[in-house]
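Please read the points below alongside the sequence and the model. They are meant for a colleague who is meeting this structure for the first time.

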Amino acid sequence: MALLLKKGICDCPYIPLLQFKRFRGKINIQRPRPPHFEKAKFLALTKPIIQVKSKKVLQLCTNTKPSSHKTQSEENIYQGLIAKELRQRFENSKLIAFCHLNPMLKDQTFNAFVAFYKEKMHFERYGKETVRLAVTGTPFEIVRKLFMSQTTIIFSPEPHLKTLLRILKKFPELVLMAGIYENRFLSKDELVKFSKIPNLQAAQNELVYSLNSVGAQVVRNLNSHQITLVSHLEQRVAQLEGGEG
């Protein structure tokens with residue numbers, strides 16, 4: 001019996017119960033207790049020591065008023081180069097489209113870039129500050145209103161407006177906002193309206209065809225009476241020859 005009782009007590013799993021309790025009630029945040037000596041010693045050793053020999057440096061560090069050197073932003077040389085290239089694209093392009101880019105997968109962005117590249121168009125995104133550096137003091141300064149952050153720009157060396165709209169239909173994530181067509185700033189509706197008008201070469205061909213058709217009609221009307229008279233005379237001659245025979 002004793003062996004069974006001992007075995008049952010020894011084999012019984014012992015699970016201790018832990019209960020955490022804060023020492024001496026609440027902590028006073030406004031007047032905290034000083035740290036323990038060991039902790040205070042480590043805090044004293046790790047405390048930063050700043051030695052300022054120059055009064056000018058100390059004045060700059062302690063001065064909280066905004067100064068002129070803080071407001072002036074440093075010039076970004078790389079951003080200036082991009083702005084210069086962007087200005088050249090504005091000056092050399094006959095068609096410029098500004099699009100809002102909705103969330104788009106990388107594969108779709110690459111496909112859009114390839115589609116525009118095949119038509120000799122440049123597809124790129126530019127930031128607000130870069131556009132400001134590029135168009136300030138130029139006739140294109142009005143486009144700054146379209147740039148709240150980053151905006152997609154499509155440059156075309158030729159005014160192929162129908163081709164641009166056809167490619168944009170394949171990518172609904174690109175929302176056309178406005179554009180510059182033949183040095184004129186146009187809205188989306190105006191661009192669609194201009195796309196339905198034939199180009200200059202087609203209009204010239206149509207005008208030449210109309211002028212040629214009018215001239216041919218005048219010549220035909222002037223010669224109609226003579227042709228009719230000659231036809232009647234030939235028929236009369238044929239009748240006389242037939243009667244004599």
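Predicted model: local features only at pLDDT ≥ 70, side-chain atom pairs only at ≥ 80, totals over all residues.

1. Residues are numbered from 1 along each chain as its sequence is written, and side-chain values use heavy atoms, with hydrogens and water left out.

2. Helix H5 (residues 77-92) packs against helix H7 (residues 128-135) at an angle of about 60°, their axes being 8 Å apart. Helices are DSSP runs of H or I with at least four residues, numbered from the N terminus, and axes are lines fitted to C-alpha atoms over the stretch in contact, with angles running from 0 to 180 degrees between N-to-C directions. H5 and H7 are therefore oblique to each other, a word for angles that are not under 35 degrees (roughly parallel), over 145 (roughly antiparallel) or 65 to 115 (roughly perpendicular).

3. In the contact (heavy atoms within 4.5 Å), Gln79, Ile82, Ala83, Leu86, Arg87 and Phe90 of H5 meet Glu129, Thr130, Val131, Leu133, Ala134 and Val135 of H7. By class, the residues of this contact are eight nonpolar, two polar and two charged.

4. Helix H8 (residues 161-170) and helix H9 (residues 188-195) have axes that come within 9 Å and cross at roughly 120°, and H8 and H9 are therefore oblique to each other. Their crossing is left-handed, with Leu161, Lys162 and Leu165 of H8 and Leu191, Val192, Phe194 and Ser195 of H9 making the contact.

5. For helix H6 (residues 106-118), the 13 residues should span 18 Å at 1.5 Å a residue, and the end C-alpha atoms are 18 Å apart, which agrees; the expected span is 1.5 Å times one less than the number of residues. After H6 comes Lys120, whose phi is positive, near 60°.

6. The whole structure holds six salt bridges, each a side-chain nitrogen of Lys or Arg within 4 Å of a carboxyl oxygen of Asp or Glu. One of them joins Lys41 and Glu38 at 3.4 Å, N to O; because these residues are three apart in helix H2 (residues 37-45), about one helical turn separates Lys41 and Glu38.

Notes. Helix = DSSP H or I, 4+ residues; strand = E, 2+ residues; numbered from the N terminus. Left-handed = near helix turned anticlockwise from the far one by under 90°. Nonpolar A, V, L, I, M, F, W, Y, C, P; charged D, E, K, R; others polar.
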